[in-house]
Each structure stands twice: as C-alpha cells, then as structure tokens.
Amino acid sequence: MRLLGVVLAGGESRRFGSDKARALLGGVALADHARATLAPFVAEVALSGAGGIADCPAPGLGPLGGICGALRYAGSRGFETVLTIGCDTPFVPADVLAELIAASGAAFVADTPIIGRWPVALGDALEQRLRDDPDRSMRAWCAAIAAVAVAAAPIANINRPGDLAGLAYP
C-alpha cells in the first residue's frame with residue numbers, strides 16, 4: 001500500500017493569532033515537527049494549505065476541505081491512502097500512527113479526528129458531501145463513512161501561543 005502523509009495546515013489560526021504551521025517550538029516550525037512525526041510511516045510527506053496542497057472543492061471548508069484536497073493529490077500520484085495529522089497536533093505517538101495504518105478502511109483518533117487514515121477512494125464522496133451538506137464537522141464525516149475510531153491517550157493540541165509553553169516534544 002502506497003501511503004502519503006499529509007500535514008493539515010490550512011486553518012485560519014484565529015485563536016493562535018498567527019500562522020500555527022510556522023510557529024516555532026525548539027527552533028523548529030510546528031509543520032516541520034509534524035512532517036518528522038509522519039516521515040517514518042509514509043512514502044512521502046506533503047503539506048495541505050499554507051502554500052501546499054489546495055483545499056478541495058474550495059478554500060475555507062475546514063479540515064475536510066484539506067483532506068479532500070489531499071485525497072485528490074494522492075490519487076493523482078498513485079497513492080492509495082492518506083495519513084493525516086494537523087500542524088497543531090505534531091507529536092502523535094508512533095503506536096497510534098501504526099494502529100491507524102493497520103486499520104481496515106478509514107480510521108481516526110477518537111478524541112482528535114483530524115488524525116486519521118483515509119483511503120483515496122473516498123475522494124468523490126467527500127467532495128460531494130462538501131458541496132451538498134452544510135455539516136462539515138469531522139465527526140459527522142467519520143460517522144457517515146463508518147470510519148473506525150482508534151482510542152489514544154490525549155494528544156497535545158496547540159491552539160494558542162501559550163500552549164507551546166512547557167510542551168514536551170521528542
């Protein structure tokens with residue numbers, strides 16, 4: 001299975017006040033920390049938003065727009081599956097990523113659905129949903145496709161600059 005890793009970094013970072021993907025932790029941008037987390041598990045790592053893969057079918061659709069764009073990008077390059085994490089959740093434990101990869105079909109971290117495994121074949125259904133359904137929440141999408149929820153200990157989510165203070169990272 002060819003697996004593409006995608007760091008979702010297309011949000012507006014309103015609560016953060018500036019571009020979270022470029023915020024530094026230990027002198028390294030959060031997006032680069034996230035890339036390093038994904039790299040051992042995938043054939044390639046790409047960035048969604050922030051000058052990377054464009055949202056699909058249009059900008060401003062939240063994480064699902066980023067995932068839809070990632071699925072389109074992956075499919076055009078011969079990948080079968082996309083593994084996503086957010087630039088604001090850069091330190092996903094290796095065992096959680098391994099469990100997502102081992103899952104059959106779509107899977108996501110129960111408390112943080114932006115972290116997930118998405119078969120490229122879901123691209124058409126997701127794009128249609130984004131065009132037709134006003135509910136663009138990750139949880140509604142996961143329920144609609146019967147994605148498997150993977151349990152995990154709480155994963156640090158960086159929403160405000162203060163969340164960087166005291167954050168332990170590998």
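Is strand β7 (residues 112-119) largely enclosed by the rest of the structure or exposed, and how many of its residues are buried? Eight of the eight residues of β7 are buried, so the strand is largely enclosed by the rest of the structure. Buried denotes under 20% relative accessible area, exposed over 50%, and partly exposed the range in between (1.4 Å probe, protein chains only).

The structure is a predicted model in which local features need pLDDT of at least 70 and side-chain atom pairs count only at pLDDT 80 or more, whereas totals for chains, interfaces and linings use all residues. Residues are numbered from 1 along each chain as its sequence is written, and side-chain values use heavy atoms, with hydrogens and water left out.

**View 1. Strand β7 and its pairing partners.** Strands (E, at least two residues) and helices (H or I, at least four residues) are DSSP runs, numbered from the N terminus. Two strands are paired if DSSP finds at least two bridges between them. Strand β5 (residues 81-86) pairs with β7 in the antiparallel sense over four bridges, and Leu 83 stands opposite Arg 117 in β7. Strand β6 (residues 107-109) also pairs with β7 in the antiparallel sense, over three bridges, with Phe 108 opposite Gly 116. Two residues lie between β6 and β7 in the hairpin that they form.

**View 2. The six-stranded sheet.** The open sheet has the strand order β4-β1-β5-β7-β6-β8, with mixed pairing. Its edge strands, β4 (44-48) and β8 (148-150), each pair on one side only. From one strand to the next, the twist averages 25°. The pairing of β6 with β8 is parallel and comprises three bridges; here Phe 108 stands opposite Ala 149.

**View 3. The nonpolar cores.** A nonpolar core is a set of buried Ala, Val, Leu, Ile, Met, Phe, Trp, Tyr and Cys residues joined through side-chain atoms within 4.5 Å. The largest core has 49 residues, of which Leu 71, Leu 100, Ile 115, Trp 118 and Leu 126 touch the most other members. Helix α2 (residues 62-76) gives the most to this core, with six residues. A second, separate core of seven residues includes Leu 25, Phe 91, Ile 158 and Leu 164. Beyond its neighbours within four places in sequence, Ile 115 has contacts (heavy atoms within 4.5 Å) with residues including Thr 84, Val 92, Leu 100, Phe 108 and Ile 155.

**View 4. Helix α2 against the sheet.** Helix α2 lies across β1 (3-8), β4, β5 and β7, and runs at about 150° to β1. Axes are lines fitted to C-alpha atoms, for helices over the stretch in contact, and angles run from 0 to 180 degrees between N-to-C directions. Among the buried residues of α2 are Leu 64, Ile 67, Cys 68 and Leu 71; their cover includes the strands β1, β4, β5 and β7 and the helices α4 (123-132) and α5 (138-144). After α2 comes Gly 78, whose phi is positive, near 80°.

**View 5. The buried Lys 20.** Lys 20 lies in the loop between β1 and β2 (24-25) and is buried, with a relative accessible area of 9%. Its side chain joins that of Asp 88 through a polar contact of 2.8 Å. A polar contact is a pair of N or O atoms within 3.5 Å; within protein, one must be able to donate a hydrogen and the other to accept it, and residues adjacent in sequence count only if both atoms are side-chain atoms. The side chain of Lys 20 also reaches the backbone oxygen of Ile 158 at 3.3 Å.
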